[in-house]
Amino acid sequence: MVFNLLEEFNGIVTYDQHVVAFLELMRQPYTGCNPRGLLLSRDKSLCKQLLTFHRIPTPQFAVFPRGARHSRAAQLKFSPVREVHRRDASLGIAQASVCR
């Protein structure tokens, strides 16, 4: 049994899904999410769309291309937090990420 605590491999965070896929190919039991779940959860906007489709409550979100201006940001409630939608966990989020 492999207790998977891997967050990155060789300094690259997206490689964790490949390590888990290798464990599956080797028929090695492991803990944690399967490679498909790791792949889907990597894209925050896709993950939120899936949650919304299945009627699982999730905070509002919007995806804005870099450098583009959008009026939809004013429609979001509370103080939106700007983050890269393809970053793992809360990497890249700082106090400056809160939009006012």
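In what follows, a residue counts as buried under 20% relative accessible area and as exposed over 50%. The model is a predicted one.

Q: In which helix is Ser45 found, and is Ser45 buried or exposed?
A: Ser45 belongs to helix α3, which spans residues 44-53. Its relative accessible area is 10%, and the cut-off for burial is 20%. Ser45 in α3 is therefore buried.

Q: With which side chain does the side chain of Ser45 make a polar contact?
A: The contact of the Ser45 side chain is one between side chains, at a distance of 2.9 Å. The partner is Asp43.

Q: How many helices and how many strands are in the protein chain?
A: Read from the N terminus on, the elements of the protein chain follow the order α-α-α. The count is accordingly 3 helices and 0 strands.

Q: Are α1 and α2 roughly parallel or antiparallel to each other?
A: The axes of helix α1 (residues 16-25) and helix α2 (residues 35-42) come within 8 Å and cross at roughly 165 degrees. Angles over 145 degrees count as roughly antiparallel, and the crossing itself is left-handed. The relation of α1 and α2 is therefore roughly antiparallel.

Q: How do the residues of the contact of α1 with α2 divide into nonpolar, polar and charged?
A: On the α1 side, the contact is formed by Asp16, Gln17, Val20, Ala21 and Glu24, which meet Pro35, Arg36, Leu38, Leu39 and Arg42 of α2. These residues divide into 5 nonpolar, 1 polar and 4 charged.

Q: Which side chain is joined to that of Asp16 by a polar contact of 2.5 Å?
A: Asp16 lies in helix α1 and counts as buried, its relative accessibility being 7%. Apart from neighbours within four places in sequence, Asp16 is in contact with Leu6, Glu7, Leu38 and Arg42. The polar contact of 2.5 Å joins the side chain of Asp16 to that of Arg42.

Q: Are α2 and α3 roughly parallel or perpendicular to each other?
A: The axes of α2 and α3 are 5 Å apart, and the two helices pack at an angle of about 105 degrees. Angles from 65 to 115 degrees count as roughly perpendicular. The relation of α2 and α3 is therefore roughly perpendicular.

Q: How do the residues of the contact of α2 with α3 divide into nonpolar, polar and charged?
A: From α2, Leu40, Ser41 and Arg42 take part, and they meet Lys44, Leu46, Cys47 and Leu50 in α3. The division is 4 nonpolar, 1 polar and 2 charged.

Q: What is the phi of Asn10?
A: Asn10 is placed in the segment before α1 and counts as exposed at 67% relative accessibility. Most residues other than glycine have a negative phi. Asn10, which is not a glycine, has a positive phi, near 55 degrees.

Q: What is the phi of Arg55?
A: Arg55 has its place in the segment after α3, and with a relative accessible area of 78% it is exposed. Although Arg55 is not a glycine, its phi is positive, at about 60 degrees.

Definitions and conventions:
Residues are numbered from 1 along each chain as its sequence is written. This is a predicted model: local features need pLDDT of at least 70, side-chain atom pairs count only at pLDDT 80 or more; totals for chains, interfaces and linings use all residues. Side-chain values use heavy atoms; hydrogens and water are left out. Axes are lines fitted to C-alpha atoms, for helices over the stretch in contact, and angles run from 0 to 180 degrees between N-to-C directions. Helices (H or I, at least four residues) and strands (E, at least two) are DSSP runs, numbered from the N terminus. Angles under 35 degrees count as roughly parallel, over 145 as roughly antiparallel, 65 to 115 as roughly perpendicular and the rest as oblique. A crossing is left-handed if the near helix is turned anticlockwise from the far one by less than a right angle, and right-handed if clockwise. Contact means heavy atoms within 4.5 Å. Ala, Val, Leu, Ile, Met, Phe, Trp, Tyr, Cys and Pro count as nonpolar, Asp, Glu, Lys and Arg as charged, and the others, Gly among them, as polar. Buried means under 20% relative accessible area, exposed over 50%, partly exposed in between (1.4 Å probe, protein chains only). A polar contact is a pair of N or O atoms within 3.5 Å; within protein, one must be able to donate a hydrogen and the other to accept it, and residues adjacent in sequence count only if both atoms are side-chain atoms.
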